[in-house]
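Here's a quick briefing to read alongside the structure. Have the 3D view open and click along as you go.

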Amino acid sequence: MTDLSKLDKHAAGKFFDHAVLPKQTTEKDIREGCKEAIKYNCAAMYSANPYYTPIIKEELKGTDILIGTGIGFPFGSQPSAVKVFETEYAVKAGCTVIDFVINVGAMKYKNFDVVQQELKDFKKAAGNCITKAILEVCYLSDEEIELGAKMVAKAGIDYCKTSTGQFEGPTMQQFLIIKKALEGTPVKLKVSGVKFPRPQNAWCFIMAGAELIGTRSAPEIIEGLEMCREIGIVPKFSK
């Protein structure tokens, strides 16, 4: 785990996947989001689908920021073959990281073989891209969250992500269920759907072990680092 007492605002950016996901997204919004991602040294920049990937690729040229998109939003209800096609399309468009929503309905109806197979299909279709599987925990029981996390690990996915951010975000208790379920595995933890008060909540998830926060508010949260230090959520800076 990173020593947050050594973290300045520039380094803090790598804890955040910046996203521009509003329903009325325009090319201007995407370009401005890319500029924010560069300014704040974010880990990745996301659009809601691969339509804007060429623009993101253009804006991020020469940086180390990953090019991301989502597959299966919002409930992962598309058949696996459709999600595989979308994933392959995203890879060809230039994505280097892809977030995939599991089939929430299949999970609820205990069609676990369907969920496990689609995770396997996704991993294969993503090729060399970093892979992240979204559970959408606000619709799952604690038992389903634990099982879903273990299925993500079994499929060899790189990150287990709590939520799409389109609905209710995760509670700390739900996040900790995922963390415990993945102990001893190489799967990393990503949180999305951080709600108000956003800077405080986001830094609490990082203190609890989240390696990434996916958000449309990365600048706000990063700028809130010093405030969170002042109130004791994050350790004081120490050279």
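What follows is a short tour, from the whole chain down to single residues.

This is a predicted model, where local features need pLDDT of at least 70 and side-chain atom pairs count only at pLDDT 80 or more, while totals for chains, interfaces and linings use all residues. Residues are numbered from 1 along each chain as its sequence is written, and side-chain values use heavy atoms, with hydrogens and water left out.

**The whole chain**

- Picture a box of roughly 50 × 40 × 30 Å along the principal axes: the C-alpha atoms fill it.
- Out of 239 residues, 53% count as buried (under 20% relative accessible area, with exposed being over 50% and partly exposed in between, using a 1.4 Å probe and protein chains only).
- Take the contacts (heavy atoms within 4.5 Å) between residues at least 6 apart in sequence: 70% of them join residues at least 24 apart.

**Charges**

- There are 31 positive and 29 negative side chains, and the centres of the two sets lie 2 Å apart. Lys and Arg count as positive, Asp and Glu as negative, with His and the chain ends not counted; each charge is placed at NZ of Lys, CZ of Arg, CG of Asp or CD of Glu.

**Aromatic rings**

- The structure holds eight aromatic pairs. Rings of Phe, Tyr and Trp (its six-membered ring) pair if their centres lie within 6.5 Å, and planes under 30 degrees apart are stacked, over 60 edge-to-face and the rest tilted.
- One of the pairs is Tyr51 with Tyr52, edge-to-face at 4.9 Å centre to centre and 80° between the planes. Tyr51 is exposed at 63% relative accessibility, whereas Tyr52 is buried at 14%.
- Phe75 and Phe167 are stacked, with 5.0 Å between centres and 15° between planes. Phe75 sits in the loop between strand E3 (66-71) and helix H4 (80-93) and Phe167 in the loop between strand E6 (159-161) and helix H8 (172-181), so this pair ties together parts 92 residues apart in sequence.
- Phe15, Phe16 and Trp203 make up one aromatic cluster.

**Backbone details**

- Phe73 and Pro74 are joined by a cis peptide bond, with omega about 5°, and Pro74 is in the loop between E3 and H4.
- Another cis bond runs from Phe196 to Pro197, with omega near -5°; Pro197 is in the loop between strand E7 (188-192) and helix H9 (198-207).
- Asn41 isn't a glycine, yet its phi is positive, near 60°. You'll find Asn41 in the loop between helix H2 (27-39) and strand E2 (44-47), and it is buried at 12% relative accessible area.
- Lys110 isn't a glycine either, and its phi is about 65°. Lys110 is in the loop between helix H5 (104-108) and helix H6 (112-126), and it is exposed at 57%.

Methods
Helix = DSSP H or I, 4+ residues; strand = E, 2+ residues; numbered from the N terminus.
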